[in-house]
Amino acid sequence: MPTAKPSRTAAQRALLGQLEHIAQGLGETFAPFCEVVVHDLLDPGHAIAAIHNNLSGRAVGDPATELGLARIADPAYAPVLANYANRFADGRQAKSTSIGIKDAEGRYVAALCLNVDLTLFKSLQSAMGQFVQVDAQAAPAESLDPAGADAIRARIDRYAAARASTPRALKADERRALLQELKAEGLLQLRHAMQTVAAHLGVSRATVYSDAR
């Protein structure tokens, strides 16, 4: 005879339903590199309630993992385990995050798990590492960056960070105040200063000249 489904409260059913919507959204956002799984911990023998971007070869109705069983057994188990090393059944490296979901009584009833396939990213990392390598001994000392540009960019970054912003997200009045500070500090007298400021702020040189008046 088939095993009866475990009983759930209305609140638990609603929680699981909302979690499945969240999983769907995450799956669509991070496809195709991230598998998103909803585990129903009230039914450990058939725990997988939903799976998006299936990378592990599992299916809806498969049993809970060891981690899921540990949560079921211990309400004090860590609610979030982030970015831990994992591996798919075929040997591919993965990075996983597991988030336990409790009901109003403090019982783990579900878990949301994300498993990122690192295969492509490892290949890209290797390729990019090779691409950005330079041989300092192979060429004469040269820089395409005007002298003082780093100091200007660092000063702009500090100004933006102090306002919980980024250089390109500064408002017009903040940008004008910044230019006045750069002017007072003599940074606008450096070679190609206006060009450097314009590029870092993402505005035209005409705007920089206007703001610096």
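Asp150 and Arg153 form a salt bridge, with their closest N and O atoms 2.9 Å apart. A salt bridge here is a side-chain nitrogen of Lys or Arg within 4 Å of a carboxyl oxygen of Asp or Glu. Side chains of opposite charge can pair when their charged atoms come close. Asp150 and Arg153 are three residues apart in helix 4, so about one helical turn separates them. Helices (H or I, at least four residues) and strands (E, at least two) are DSSP runs, numbered from the N terminus.

Asp150 is exposed, at 54% relative accessibility. Arg153 is partly exposed, at 23%. The cut-offs are these: buried is under 20% relative accessible area, exposed is over 50%, and partly exposed is in between (1.4 Å probe, protein chains only).

## About the model

This is a predicted model, in which local features need pLDDT of at least 70 and side-chain atom pairs count only at pLDDT 80 or more, while totals for chains, interfaces and linings use all residues. Residues are numbered from 1 along each chain as its sequence is written, and side-chain values use heavy atoms, with hydrogens and water left out.

## Salt bridges across the chain

How many salt bridges does the structure hold? It holds eight. One of them joins Glu181 and Arg155, with the closest N and O atoms 2.6 Å apart. This pair links distant parts of the chain: Glu181 sits in helix 5, Arg155 in helix 4, 26 residues apart. Glu181 is partly exposed, at 29% relative accessibility. Arg155 is buried, at 13%. Elsewhere, salt bridges with shared partners join Asp90, Arg92 and Asp117 into one network.

Glu35 and Arg58 also meet through their side chains, at 2.9 Å from N to O. They too link distant parts of the chain, 23 residues apart. Glu35 is in strand 1 (residues 34-40), and Arg58 is in the loop between strand 2 (48-52) and helix 2 (66-73). Is Glu35 buried or exposed? Glu35 is buried, at 0% relative accessibility. Arg58 is partly exposed, at 22%.

## The largest nonpolar core

A nonpolar core is a set of buried Ala, Val, Leu, Ile, Met, Phe, Trp, Tyr and Cys residues joined through side-chain atoms within 4.5 Å. The largest one has 17 residues. Ile156, Leu178 and Leu179 are among those with the most contacts inside it. Helix 4, helix 5 and helix 6 each supply at least two residues of this core. Helix 6 gives the largest share, five residues.

Leu179 touches Leu188, Val197, Leu201, Val208, Asp211 and Ala212, leaving aside residues up to four places away in sequence. Contact means heavy atoms within 4.5 Å. Another core lies apart from the largest one. That other core has 13 residues, including Leu16, Cys34, Val38 and Leu112.

## Helix 6 and its cover

Which residues of helix 6 (residues 193-201) are buried? They are Ala193, Met194, Thr196, Val197, Ala198 and Leu201. Their cover includes helix 4 (149-161), helix 5 (172-184) and helix 7 (205-211). Gly202 follows helix 6, with a positive phi near 75°.
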